[in-house]
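Please examine the structure shown below. The paragraphs that follow lead through its salt bridges, one of its helices and the contact between its chains.

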Amino acid sequence: MKPRLRIERRLDVPSWMNWSIPAGAVGVALAAGAVLLSLLGVSPLAAYKAMIQGSLGDAWGISETIVKAIPLTLAGLAVGLAFTMVVWNIGAEGQIVMGALAAVAVVRYAFVDNSLVMFSLMFLMACLAGGVWAGFAGFLKARWNVNETITTLMMNYIAILLADYFIYGPWRDPSSLGFPMTTPFPEAARLPVLGGTRVHVGIFLAVGLAILFRVLYRWTKWGFELRVIGNNPNAARYAGINDLRNVVLAMFFSGAVAGIAGMTEVAGLQGRLQPGFSGGYGFTAIIVAWLARLNPMATILVSFLLGVLLVGGDTLQVVMRLPLSSVQVLQGLILFCVLGAEFFRNYRIVFIERGERREWKS
Amino acid sequence: MEILIPILSAAIRSGTPILYATLGEILTEKAGVLNLGLEGLMLLGAFSGFSATMVTGNPWVGLAAAVCVGMAVSALHAFLCVTMGANQVVSGLAITMFGTGMSALLGKAYVGETIRGLGILPVPLLAKVPLLGPVLFNHDPLVYLSYVLVGLTCWFISSTRWGLTLRAVGENPRAVDAAGLSVARLRYAYTMVGGGLAALGGAYLSVVYTQMWVEMMTAGRGWIAVALVIFGIWNPLRAAFGSYLFGGVGALQLRIQAAGTTVPAPLLLMLPYILTIVVLVGISVRKGKGILLGAPASLGQPFHREERD
């Protein structure tokens with residue numbers, strides 16, 4: 001007896017699927033990555049073991065994973081906010097760079113020897129820089145329906161080149177022996193770190209903002225409006241929700257949070273600006289947001305997991321001499337699988353047994 | 001005039017890779033599928049074209065290999081978007097991530113190598129025409145192929161039966177389905193053709209234009225191509241004009257740098273990206289004033305046969 005298959009749309013999604021489907025997708029992606037690694041002549045088991053050991057094997061590894069999870073959480077929340085209203089902010093990378101540039105500018109031109117003043121100033125300016133950078137794209141989208149995917153992406157390139165201009169030009173450290181980097185931050189402008197690790201207080205900002213976003217989406221009128229615009233723009237317009245203003249506002253806050261990520265990276269971790277300092281957090285954040293299904297609390301967890309991937313990738317580079325791009329390939333595979341897995345959330349496959357009466361619905 | 005000729009000629013050459021990707025994306029989007037993976041597809045094409053040329057010594061084999069790779073990877077995009085009904089924006093981003101990573105990973109061994117790619121082949125007689133000859137007809141064969149393709153896609157989309165079906169799939173897939181044609185099959189086909197053309201554009205960069213392989217060598221050209229589709233309001237002829245405009249800006253910026261200007265290089269390098277935004281804003285502002293929207297009505301929306309709209 002041959003069972004026949006039928007695919008039908010799910011009416012409601014069982015709650016266990018909320019975590020099992022993304023987890024399964026990551027599993028499939030890692031399996032595909034394993035095939036790829038063995039084609040490259042690397043033992044996938046050894047590679048994955050090295051990644052886990054490097055990122056979770058000891059206290060230092062875990063702390064490094066958290067170091068990567070901080071900007072990922074912030075940037076993941078940032079793009080998640082825009083994605084909630086189906087505005088494609090692909091520009092978190094550029095907004096991170098703008099936030100970092102603002103922090104460096106504050107230290108350079110408005111330095112006060114007081115940590116609290118410096119943090120507040122850097123925080124505000126980074127929010128403003130990232131927010132305006134993204135808000136501009138939001139304004140173009142709201143006013144003239146200019147495709148925001150492309151404008152935010154182009155603004156990534158522009159922001160990175162702008163940073164290059166300052167790093168190679170007017171802000172270059174004269175005592176850096178010709179290396180392209182800005183002058184190191186004075187002690188008062190550095191974020192405090194926890195214990196003997198490199199984990200900086202940005203972690204509290206990341207967790208705090210995640211909670212704030214949770215409250216915003218769940219319990220505020222604005223959060224509700226954002227979700228309505230995302231789910232049904234026509235209903236939103238009919239209900240009198242100003243979607244134009246909300247697009248600009250959401251993009252501004254999205255960029256502001258990404259800008260904070262740039263500020264904490266430069267003030268908490270590196271203490272100066274170097275070319276390519278962000279290293280793609282803004283793009284990885286897209287995977288974070290999508291895997292977390294735009295849920296702020298899940299964003300923290302997913303960021304930690306992708307932190308494992310990034311730190312593990314560094315280990316791979318050292319131990320197995322695999323280039324860092326292998327992590328990017330894995331990221332692409334994860335995103336493919338997560339997208340494909342959505343299908344199983346939306347549909348279910350039913351076996352039709354012989355003799356079952358077919359129902360015809362008009 | 002004498003100064004203009006080399007700049008215009010360079011504009012054609014550096015616009016050609018963008019043109020291939022733009023033409024491909026027009027076909028894909030006309031079928032209702034948005035492929036934001038052009039950047040990744042171009043990089044994969046650039047890498048596979050280069051490596052296949054190096055291994056076989058024949059640039060044509062390299063270009064063919066690039067097209068095959070582009071079609072294979074964009075088939076994955078089609079699988080996710082058409083069969084699985086996944087989000088097309090995110091799938092395109094995944095293609096770009098995967099392509100960027102994969103080309104860098106596999107291409108590591110080829111950095112610094114050189115190949116003998118396609119050379120210049122002046123068209124007999126036509127190349128002698130004053131002004132037009134050196135600008136248009138003193139190039140490599142792929143440039144001529146792109147001229148032919150622009151005309152061919154224009155004719156195909158507007159005047160053939162297949163072109164009508166293509167437009168219908170993008171505008172009203174339900175009608176195509178009712179007419180007894182497979183929406184899925186058509187969308188797969190045009191996504192793969194578009195991916196193949198994007199990869200060919202990438203391969204043009206490595207096999208013909210620079211004749212070397214550098215990581216991330218497309219430098220955003222794939223994204224510019226996505227923007228040019230909108231700029232060209234889904235019309236191949238306008239897209240060609242846009243591509244050469246961007247090629248011209250790229251060529252001009254190289255010339256300004258070579259002439260020893262005091263403007264720092266990063267600021268000059270921003271030009272094409274700023275121009276993209278300006279052009280996009282320009283076209284969108286005009287659209288608002290009643291110019292025909294060219295976007296296919298079902299662009300980006302998956303088609304579910306069993307569901308009502």
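Predicted model: local features only at pLDDT ≥ 70, side-chain atom pairs only at ≥ 80, totals over all residues.

Side chains of opposite charge can pair when their charged atoms come close.

A:Glu225 forms a salt bridge with A:Lys221, with 3.3 Å between the closest N and O atoms. Both residues belong to helix α8 (residues 221-231) of chain A and stand 4 residues apart, about one turn of the helix. An α-helix has 3.6 residues a turn, so residues three or four places apart point the same way. A:Glu225 has a relative accessible area of 11% and is therefore buried, the limit being under 20%. A:Lys221, at 63% relative accessibility, counts as exposed because the limit for that class is over 50%.

A:Arg293 pairs with A:Glu342, the closest N and O atoms being 2.6 Å apart. Here A:Arg293 sits in the loop between α11 (281-291) and α12 (296-319) of chain A, whereas A:Glu342 lies in helix α13 (residues 325-346) of chain A, 49 residues apart. A:Arg293 is partly exposed, with a relative accessible area of 35%. In chain B, B:Glu215 forms a salt bridge with B:Lys108, and the closest N and O atoms are 4.0 Å apart. B:Glu215 is in the loop between α9 (183-209) and α10 of chain B, and B:Lys108 is in the loop between α4 and α5 (132-136) of chain B, 107 residues apart. Both are partly exposed: B:Glu215 has a relative accessible area of 33%, and B:Lys108 has 49% relative accessibility.

At the start of α5(A), a side-chain oxygen of A:Asn114 comes to within 2.9 Å of the backbone nitrogen of A:Leu116. After α5(A) comes A:Asn145, with a positive phi near 55°.

The contact between the chains takes 47 residues from chain B and 42 residues from chain A. Together the two chains bury about 3800 Å², 85% of it on carbon and sulfur atoms. Between them there are 0 salt bridges and 3 residue pairs in polar contact. The largest share of the side of chain B that touches chain A, 14 residues, comes from α4(B). That side divides into 33 nonpolar, 9 polar and 5 charged residues. B:His304, in the segment after α13 of chain B, makes a side-chain polar contact of 2.9 Å with A:Tyr347.

Note on methods:
Residues numbered from 1 in each chain as written. Chains lettered and ligands numbered in written order. Heavy atoms only, no water. Contact = heavy atoms within 4.5 Å. Buried area = accessible area lost by both parts, 1.4 Å probe. Salt bridge = Lys/Arg side-chain N within 4 Å of Asp/Glu carboxyl O. Polar contact = N/O pair within 3.5 Å; in protein donor to acceptor, adjacent residues only side chain to side chain. Helix = DSSP H or I, 4+ residues; strand = E, 2+ residues; numbered from the N terminus. Nonpolar A, V, L, I, M, F, W, Y, C, P; charged D, E, K, R; others polar. Buried < 20%, exposed > 50% of the residue type's maximum accessible area, 1.4 Å probe, protein only.
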